[in-house]
Amino acid sequence: MSGASSVARETGARLAAAAPLNATLHWSQELLDAEAARVDAMRTPGPLAALPVAIKDNIVTIEQPTTCASRILEGYVSPYTATAVTRLREAGAMIAAKTNMDEFAMGSSTEHSAFGRVKHPMDPARVPGGSSGGSAALVAAGVVPVALGSETGGSVRQPASFCGVVGMKPSYGRVSRFGLVAFGSSLDCISVFGRSVADAGRVLSVLSGHDPLDATTVDRPPMPVPTPLADLEGLRIGLPREYYPADLDPGVGAALQRTREAIRDLGGEICEVSLPHSPYAVPTYYIVAPAEAAANLARYDGVRYGPRKAGSGGDIHSLYQTTRGEGFGAEVRRRILVGTYVLSAGYYDAYYRKAQQVRALIAEDFRQVFASGVDLLLTPTTPTPAFKAGEKTEDPVSMYLADVFVCAVSLAGLPAVSLPVGRSEGLPVGAQLIAPFFEDQRLLAAAAAIERAVPADAEVR
Amino acid sequence: MSIGRNEVLHVARLAELAVREEELDRLVDQLNRIVDYVAQLDRVPGDRMAAPFLPGPRSADLREDVPGPVPLAQPPAELAPEFADGFFLVPRHGAMEES
């Protein structure tokens with residue numbers, strides 16, 4: 001049996017054993033074996049030779065369905081392949097599985113999947129975070145070394161933090177979105193989970209670069225594989241005071257304190273900074289993202305996409321309304337309604353236009369801090385470790401606040417990585433490093449130095 | 001600002017989304033909580049307002065309006081049974097022949 005074939009067999013066995021997590025939506029040993037045969041036939045092995053990669057189920061592939069964990073796309077098979085998937089395959093990677101997620105990537109716990117919630121690999125009563133919870137859980141459980149997720153407002157960094165793995169969101173425009181099912185088009189980024197910063201960097205290097213099929217990709221060469229920094233001498237790392245509130249979870253606070261000490265030991269200079277509009281990031285996000293979602297999800301109407309449900313009215317509107325009312329889950333319907341409301345006549349200026357302007361102020365805060373000589377920012381990724389399933393499902397606003405430290409970066413289009421920096425009562429805690437626009441390589445090089453210095457599995461209290 | 005049942009039904013019609021009567025009260029309550037929460041942006045002073053921001057390369061939204069070929073995900077020959085000289089070939093329309 002070839003190297004790729006045995007990796008495919010071992011990966012299949014781990015995927016089968018991980019079934020209780022409910023982290024996958026589509027995979028088969030047959031497809032994995034076909035991927036291995038394709039890799040074996042490659043003339044040159046490629047930088048990701050025989051690396052099994054799981055893919056979030058909102059990234060299209062022609063071999064399996066792409067459902068976005070929604071009934072409205074149940075059984076849908078795309079006629080084309082996402083650029084990210086093509087680039088992985090050209091580098092020798094094997095697509096191992098399509099992963100469970102919050103429906104249309106709307107959620108922070110992967111409880112909003114039409115196909116059941118994903119369980120946290122270390123405590124099945126808890127959530128893995130979301131919306132890319134299936135990908136995060138598979139990497140954390142050791143089923144695959146890397147996985148793709150997507151970020152609109154923190155949907156990779158937040159589950160990476162909850163599950164104790166690395167989650168890298170690249171700069172907006174660094175990775176092609178061709179073949180990523182659209183949610184919030186000014187925010188969406190294909191992002192990477194890895195067991196280590198090095199794994200995430202290798203995969204991002206392959207994914208990055210201009211794509212003529214996505215006009216929002218930046219026309220610059222692909223990101224070279226980052227070389228880990230030996231130390232942090234000469235680097236100024238800012239702590240935005242708005243990200244360290246008095247009521248921060250004590251375990252998260254202690255893990256961040258230990259990370260700061262490690263940065264100082266590595267020669268980095270720590271300074272306090274301010275991002276004054278940060279408190280407005282979540283409300284801004286929950287206007288901009290639902291507005292863009294309401295427009296992007298208009299196509300799922302039973303005519304263009306989705307299984308058609310005739311309504312009782314007997315006309316086309318009745319068909320649209322019944323198809324969409326029955327096809328979308330509760331959170332997607334809520335966001336479509338909020339998005340339609342903030343875009344509707346009489347409310348557009350009060351909500352959407354104002355949110356776009358506050359978004360500019362949030363981005364300007366980051367620009368000014370980086371222009372003042374700060375190289376990177378260090379924050380907690382999440383205000384608490386993973387919470388219990390059902391804890392926030394009845395109160396949408398409390399669920400939205402799980403993303404309080406990750407939203408602003410998405411609004412500003414910046415690169416950021418979450419890396420595990422300890423455990424609090426057995427649950428992983430993540431630290432977030434944020435860099436200026438298109439400094440993805442330097443961000444990962446510094447993150448690798450911190451990763452080496454901070455024990456990810458050690459209790460902090 | 002408070003959203004009532006009629007307003008939710010109006011927005012649902014705009015969004016082409018059926019809302020069941022039994023879920024309406026809960027939806028009204030949740031949407032009010034969300035809209036009350038996002039309304040805190042009113043606290044950002046108006047005179048500090050910037051122009052709307054879009055991330056990414058400026059070339060995406062400011063590129064010149066010059067017509068050019070758009071690459072297709074699949075070649076046109078794969079989209080229909082017959083394709084020649086830039087046209088999709090279809091059966092002759094019977095009704096036209098008779099007239």
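Ile62(A) touches Val77(A), Ser78(A), Pro79(A), Tyr80(A) and Thr81(A), leaving aside residues up to four places away in sequence. The model is predicted.

**Ile62(A)**
- Ile62(A) sits in the loop between strand S2 (52-56) and helix H3 (83-90) of chain A.
- Ile62(A) has 12 C-beta neighbours inside 10 Å and therefore counts as exposed.
- From Ile62(A) to Ser185(A) there are 123 residues in sequence, and the C-alpha to C-alpha separation in space is 23 Å.

**Helices H8 and H11 of chain A**
- Helix H8 (residues 281-296) and helix H11 (residues 348-371) of chain A have axes that come within 9 Å and cross at roughly 125°.
- H8(A) and H11(A) are therefore oblique to each other, and their crossing is left-handed.
- On the H8(A) side, the contact is made by Ala281(A), Thr284(A), Ile287(A), Val288(A) and Ala291(A).
- On the H11(A) side, the contact is made by Tyr351(A), Tyr352(A), Ala355(A), Gln356(A), Val358(A), Arg359(A) and Ile362(A).
- The residues in this contact of H8(A) with H11(A) are 9 nonpolar, 2 polar and 1 charged.

**Chain B against chain A**
- In chain B, 32 residues are in contact with 46 residues of chain A.
- Helix H1 (5-14) and helix H2 (21-38) of chain B are the elements that give two or more residues to the side of chain B that touches chain A.
- H2(B) supplies the largest share of that side, 6 residues.
- By class, the side of chain B that touches chain A has 25 nonpolar, 4 polar and 3 charged residues.

Key
Residues are numbered from 1 along each chain as its sequence is written. Chains are lettered from A and ligands numbered from 1 in the order in which they are written. This is a predicted model: local features need pLDDT of at least 70, side-chain atom pairs count only at pLDDT 80 or more; totals for chains, interfaces and linings use all residues. Axes are lines fitted to C-alpha atoms, for helices over the stretch in contact, and angles run from 0 to 180 degrees between N-to-C directions. Helices (H or I, at least four residues) and strands (E, at least two) are DSSP runs, numbered from the N terminus. Angles under 35 degrees count as roughly parallel, over 145 as roughly antiparallel, 65 to 115 as roughly perpendicular and the rest as oblique. A crossing is left-handed if the near helix is turned anticlockwise from the far one by less than a right angle, and right-handed if clockwise. Two residues are in contact if their C-beta atoms, placed from the backbone, lie within 7 Å. Ala, Val, Leu, Ile, Met, Phe, Trp, Tyr, Cys and Pro count as nonpolar, Asp, Glu, Lys and Arg as charged, and the others, Gly among them, as polar. A residue is buried if 20 or more other C-beta atoms lie within 10 Å of its own, exposed if 12 or fewer, and partly exposed in between; C-beta atoms are placed from the backbone.
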